[in-house]
Amino acid sequence: MKEKLLISACLLGHNVKYNGLNNKITEIDLLKKYFDFIIICPEVDGGLPIPRNPSERLKDKVISAKGKDVTKEFLIGKTKALELVKKYHIKYALLKEKSPSCGKQTYDGTFTHSLIERSGITAEALINQNIKVYSELEIEELIKNFRS
Ligand code: SF4
């Protein structure tokens, strides 16, 4: 049986991004050689629509570009991801960088494209559970570390 990999749906080409598009990566077949995918989109899983306004983390909250507090939806999405981790005994995750849910880095809440060293709501929770979280910029590292 292959190892399970928690993976952002948009990286697989699912049109779940805030703007209705995706962030499809080219390494899907390579990853399939090593992993079975457990697919998440914490924002949609938390009840937000497609398309939706982009959001950013601001202190303890997540606020949309239109000023709406969407913290509750982000927390529901995080909880669902953690449930999947527990259910499938997941140790590895590949998540979309810079997302307020999935990113290892995120924007600072000012909607000025300023990155800070603070992870998205779901990524942060996974890291706190000692899940090995990689971004789409670290696929080589993920495979290398998994095989070693
Ligand atoms: Fe992709 Fe995660 Fe954003 Fe969903 S929440 S669109 S999976 S980055």
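Visitor: Which side chain does arginine 52 meet in a polar contact of 3.0 Å?
Guide: That would be glutamate 43: the two side chains are joined by that 3.0 Å polar contact. Keep in mind as we go that this is a predicted model.

Visitor: OK. And which backbone oxygen does the side chain of arginine 52 reach?
Guide: The one on proline 49, at 3.1 Å.

Visitor: Where is arginine 52 in the chain, then?
Guide: In the loop between α2 (42-45) and β3 (55-58).

Visitor: Is arginine 52 buried or exposed?
Guide: Buried. Its relative accessibility is 12%, and the cut-off for buried is under 20%, so arginine 52 falls on that side.

Visitor: What does arginine 52 touch, if you skip residues up to four places away in sequence?
Guide: Val16, Lys17, Tyr18, Cys41, Glu43 and Val44. Isoleucine 7 is 45 residues from arginine 52 along the chain, and their C-alpha atoms are separated by 21 Å.

Visitor: Let's switch to the nonpolar side. How many residues are in the largest nonpolar core?
Guide: It has 16 residues. The ones with the most contacts inside it are Leu5, Ile25, Leu31, Phe35, Phe37, Leu94 and Leu142.

Visitor: Why would nonpolar side chains be buried together?
Guide: I can only give you the general pattern: in soluble globular proteins, they tend to be.

Visitor: How about rings? How many aromatic pairs does the structure hold?
Guide: Four. One of them is phenylalanine 35 with phenylalanine 146, a tilted pair with 4.6 Å centre to centre and 45° between the planes. Phenylalanine 35 is in strand β2 and phenylalanine 146 in helix α5, 111 residues apart, so the pair links distant parts of the chain.

Visitor: What kind of aromatic pair do tyrosine 92 and phenylalanine 146 form?
Guide: An edge-to-face one, 5.5 Å centre to centre with 90° between the planes. Tyrosine 92 sits in strand β5, 54 residues from phenylalanine 146, and is buried, with a relative accessible area of 10%.

Visitor: Which residues form one aromatic cluster?
Guide: Tyr34, Phe35, Tyr92 and Phe146.

Visitor: Last stop: which residues of helix α4 are buried?
Guide: In α4 (residues 121-128), Ile121, Thr122, Ala123, Ala125 and Leu126 are. Threonine 122 has a relative accessibility of 1%.

Visitor: What is threonine 122 in contact with?
Guide: Ile40, Pro42, Gly77, Lys78, Ala81 and Ser101, leaving aside neighbours within four places in sequence.

Visitor: And what follows α4?
Guide: Asparagine 130, whose phi is positive, near 65°.

Definitions and conventions:
Residues are numbered from 1 along each chain as its sequence is written. This is a predicted model: local features need pLDDT of at least 70, side-chain atom pairs count only at pLDDT 80 or more; totals for chains, interfaces and linings use all residues. Side-chain values use heavy atoms; hydrogens and water are left out. Helices (H or I, at least four residues) and strands (E, at least two) are DSSP runs, numbered from the N terminus. Buried means under 20% relative accessible area, exposed over 50%, partly exposed in between (1.4 Å probe, protein chains only). Contact means heavy atoms within 4.5 Å. A polar contact is a pair of N or O atoms within 3.5 Å; within protein, one must be able to donate a hydrogen and the other to accept it, and residues adjacent in sequence count only if both atoms are side-chain atoms. A nonpolar core is a set of buried Ala, Val, Leu, Ile, Met, Phe, Trp, Tyr and Cys residues joined through side-chain atoms within 4.5 Å. Rings of Phe, Tyr and Trp (its six-membered ring) pair if their centres lie within 6.5 Å; planes under 30 degrees apart count as stacked, over 60 as edge-to-face and the rest as tilted.
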